[in-house]
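Here are my notes on the model you sent over.

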Amino acid sequence: MEHFLDHFEDRSEAEREWLKGVYGFVGNQLLPRSESTAPRQSAGHAPCEAPAHAPCPLPGAGCGWCVSTLSLRLVSKIQETLEASNAHTLPVSYRLVSAAELVTRQRVACVSSLSWNTIQHKVWVREAEKALPHHKALPRVNLLLVGHLRAGQDGRWRLTDTSGSVTCECVCLSPLWMNSLVFMPHWNYIPQNAPASSLFTSEGHLELIGHPVLLHPGPEQGLAVDAGGPELSRAVGVKEAVACLLNRSRGLRLQLCATVCAVSPLLDVSGTAFFCLTLTESTHTHTLPVLVKEPSCLWWSQCVCVGQNVCVTALRACVLRGWRSNSVWCATDQSTLHVLSGDTPLPPTHLNAHVPSDTHAPYAPSDTQAAHAPSDAHAPSDTHAPHTLADTPHTPPDTQTPRTLPDVHIVSDEHLEEAEPENNAVQSFVRMKKSKLINYQGVVTEVLSEEAGLYMIDGQVGLCLVYQPPLRRRLRPGDSLELHDVHFLYRPCPDLPPGVLCVCLRSTLKVKAFSRVTGPEVTVPSHQPLSRLLLKPNVNVSQLLWISHVTARLQRSLVPSLLTGELVCAVAGRLLQGPGPRDIYTEILDDVHSCQLTQYCVNVSVCEYRCVKECVDVLESQCWLGLSLSSLLPSGGSSLTRAELNPLLAWSYRLQPEAGAPSSARRPLLLVGVLDLCDPTSAHAHSSPHTLQLRDQTGTVACVVTETSDDEGGGQRAAFTTAWIGCLVCVQRFTMVTERFLQSDFPSYKHLDQHKHIQHKHCRVYLQFCLKDVDILIPSVSMVMHLRERDGWKEKEEARRRGWKERTPLMDTTSLLKDGLSPCVSVVMRVEQKEGVAWKGAALGRGSPSFLVRAAMIGPVVKWGCDPRNGQVTDHQVEPDMNTRVDLVFQDACVRWFPLLQRDCFYRLVAQNTQDPSVLIGSGMVGRGGVELHANPALQVSSNWTFHTLTRLPPVVLRKQCLSPKVMTVSELLDSSSAKLVWFQGVLSQRTNLQENTIAGNTHSKAGLRVRLTVSDGSGRSLQVYLDLSHSHYMPGLLPGNTLLMSAFQRRISRSGSVYCSSLPVSSVTVTKLGDTSPSPPAVPIMQLCSWLQAAEQRCIVGRVRGHVVCVLFLQLQWICSLCESVHTQSRCSSSQCSSTSAVFQTKAKIVMEDGTGEAHIWFSCPHVRTLLGLADWQWAGLQRALRVRGHIQVSPRGRGPVRNPDNTSSVFDDPLQEYLCCLCNSDAVCRPLTLTCTTRAYTQRTEGDVRRFTRGETDFMTRMFKPFQMNCTHIETDA
């Protein structure tokens, strides 16, 4: 060391201490390799190159001299680097670090540059963060690296010393650097914090942002072939090599000199690593692939670039099975690679071989593409200019700059449409297109999905690397890329940018400049199975791009709370299917290129994946957009008063079907989530605590769910299978429902555009779907048992029918129960009756949700060593003669079981962590004073108990009669006279909120909310049902078109004799069938009046009547106050207590109509009076103006002759307006044939009639006169 320090006597004490550290580092980390014996020359080593690890060439020098020499040379190179930046002192702030210390201790990405000063570093940081505003520049460290450049087993370059090695990446590596001792003054280090099982290597890597400095004696940075290099006169060209391949001879070794036109990625097939060089000549009429699979030559893949002139020696011809051309030139263990500099003279047959890379014949682009000149906007900026020590000798000249997309930075979507016109998406959903091969150069601006290989270049061009093996180095925003022979696809996937670049195995990807900023942190394991899934199937690129996008979205919505990262690939695999593997040899080696990217399919109707939160947010944001309040009103809404208007606006709904119908221009949605019961502790628990929910990591949405029954009809019924709980499902056919609640105080129809009258508005969002339209991606344990039992039962029935013998048990549940090994007890039961969810104790301010289920126990309590779930029921678990009934009480968290407990269904109730049978035996109820009440035993359900649906039971149990109440139809309920508490089913046709000042908030319903439902059956008869939600939860799914099961409702008769039903605190409503989202109105039958007269007790029947208007009995027109409904005259209300100036025009009429079979009195309301009178719009408006002064008029023609006004004794002809209306009512314009759609009036009451006396002359007649049959007109049409 003293000899070494003697060279630096004039240095300061700090510098001498630093020099001692350099000397110690060289002796500890580099000396053992320097003193080792020089091995045989490597295949890639230049013939004249002295090995870097040879002993120091000083005669008679000992070990100390070797360390001193290397230390002096290292310090000399450090000083030369500093002199370039005008620094004349030693860098005492820098220290040498070994490869092992760098890998183990450096956990943060960093940059080191010896030639920087503080100002240069600040400028570098400012430029880096300005180019990518949302990223941070790499932090600077003061570290120096020295070591040997070696080739790893996987063909990667590594910097090695005695402590270990680290992978090296460089923009352009020279073969002359291999096995050299180098000093690295400028580099980035990127650690890899992902697990070792991830897609990328678990160790970090170096990025050489400047050329390494050679420490051994040799050519000063000479990268051209020296005088001792290959003899170009003995080399042959591509054309001669092709001829030699066709007429090959044994033992022939070829030396080939040509231009590189393509470099395939490094592949590993069945444990054999290889890559392929494609070479061409000056005329570009021939291309020749060279296969490199020799392990000692794999490092060539990082040395060659498209457009370089190379010379490869010792090539031999070999047979490649699996490729139709069969023969190919291969590198041997004696082969060497020499990169020729631009001024190296080539043999005469190869002159002018150095030409632009994008003009070789097999990959020649179309004339349209070739016409575009290279754009400077896409050339990579000198992102590491301060680090560059010298120009890179192997960089292609400017003429070889890859051609970019035309004006990609400024081109808009409309210009792209002109370049590649698209047909109407509604007319053409799927069509085939051809990709274009281009060269491109750009900068990575965003990492869309690292696992799926999706990136964004230059802010608006997508890059897909999924068709190549995973990159060994992670791409980061800011990396400058050069792409050759890349496929340009226009709009291959609606979820990606319009222009997408896809690389195949023939494409060449080269990093031209490393990023200055940090990349995204790897928080979850990368999924190599996804890359294998996407690489092997021979599917269309559009499908791969779509599934890659969906997989990236699933990562954010399911991992890690619902799924592990590894299972996302399995979920994606269920959405993607492929017919077969790829032919990689044809893709790489054929002259006429063909691969899966050559032709692609464009499907604009592909499903659009959304997470649950996005779906809910979109529905809530679009809830009130573009809503016209007038569209919520029926025809004639302008005549409604305030009391009639606001209740009609209080509730409305919006349906958005996502069935993916071909007629829909909107892409169908795709939802993925877990079906689950309501979580009482979640924020959504009070929104719909008795519904199923679809949830993912982002949010939860309530679901109204039905499923198909196993009967022959296969119709829908309420969901009852508990095995769906916990299943990860894909929902593609569903209806998104938005219910709107509006609290308003609009005075009249004219004020609907004044939002100041809206006091509050709120919406509720949920989904409707049937479980038969749901795909199971990952089943729960119970679902696996359910499917095996169902399929096994079908096979067993088929075997029994054909007389086969059962060879194996129905199913083996042992392996399925390993996650439920705790002891438990269970009992089998059948649900007979279920009450609705109500708030108990709400009046005291401490209400909690609860409901009651009445069930029949059909078996004893059975002890289990593990949870039996929904396993097969054996004979010892049931007792057909058992007649024990119990009332199950559900409260608080147990209310979550409400949506899946249905009447007439069998369940197994399991109590966990106990072997005491008494916990499932109900206790009797005792009244005051010890009096025993005659009621069923009660059983309080615990929060940790579970219910499992049983679908296959012994026949003796199924034959036992069920005591559940009978479910009636609407017609049966109307005809029944004895039933007081009824269960009935019908289709909801109309819904109206009766209280306008009530809000359905985020919690349970507010006090006073009452809803009127109109339900009907197939006969057309309808029934009014009044639902009181004061002390119960709001029920989603009460939409027109849905079939409802009304349980425990009270049947009542009004004072006028009509039948209606009202809810009780124990009443419940269940959706049993989902209606059509766009139902067509039901066909109304043509009825004869005699049919209604003979069956008058059948009220509320809808029918069409064709008849003739006999006369008008009554006509009333009036202006009334919209607030108090008093007569409105001369722009003021006639009531002294009302100061309103808002008025509405209302009309009413009654006619006599006969159709030849009978006669009826028909009432007309506001919307239909004008049509009845046959007045035009202008005539109707004039009539309203004429009535403004008096405000009210009533005409009673009572036939065709003049009559007296009922208000006075004057004749009708004394009033011109009354005279006009009377003449109009008696004219043929009114008394004409009409076709009416009518319903019987709700308060029509048929009696035996009154006995009246008639006298004709001297004869008296006694007869019974029936009251006329009353009907309401709902629609009117004039016969043609």
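1. Terms first: buried means under 20% relative accessible area, exposed over 50%, and partly exposed in between (1.4 Å probe, protein chains only). Helices (H or I, at least four residues) and strands (E, at least two) are DSSP runs, numbered from the N terminus. This is a predicted model, where local features need pLDDT of at least 70, side-chain atom pairs count only at pLDDT 80 or more, and totals for chains, interfaces and linings use all residues. Residues are numbered from 1 along each chain as its sequence is written, and side-chain values use heavy atoms, with hydrogens and water left out.

2. The overall picture: the protein has 21 helices and 59 strands. Of its 1280 residues, 52% are buried. Take contacts (heavy atoms within 4.5 Å) between residues at least 6 apart in sequence: 74% of these join residues at least 24 apart.

3. Strand 42 (residues 946-950) is worth a look. All five of its five residues are buried, so the strand is largely enclosed by the rest of the structure. In a regular strand the side chains alternate between the two faces of the sheet. Here Thr946, His948 and Leu950 are buried on one side, and Phe947 and Thr949 are buried on the other.

4. Which strand runs antiparallel to strand 42? Strand 40 (residues 906-912) does, joined to strand 42 by five bridges; two strands pair if DSSP finds at least two bridges between them. Within this pairing, Leu909 has Phe947 as its bridge partner in strand 42.

5. Phe947 also belongs to a cluster linked by ring pairs, together with Phe851, Phe890, Trp897 and Phe898. Rings of Phe, Tyr and Trp (its six-membered ring) pair if their centres lie within 6.5 Å; planes under 30 degrees apart count as stacked, over 60 as edge-to-face and the rest as tilted. Lys834 lies over the face of Phe898, 4.0 Å from the ring centre. The rule for that is NZ of Lys or CZ of Arg within 6 Å of the ring centre and within 35 degrees of the ring normal. Elsewhere, the charged end of Arg717 sits over the ring of Phe720, 4.3 Å from its centre.

6. The ring rule gives 15 aromatic pairs. One of them is Trp157 with Trp299, edge-to-face at 5.5 Å centre to centre and 80° between the planes. Trp157 lies in strand 4 (residues 157-160) and Trp299 in the loop between strand 13 (287-292) and strand 14 (309-319), so the pair ties together parts that are 142 residues apart in sequence. Both Trp157 and Trp299 are buried.
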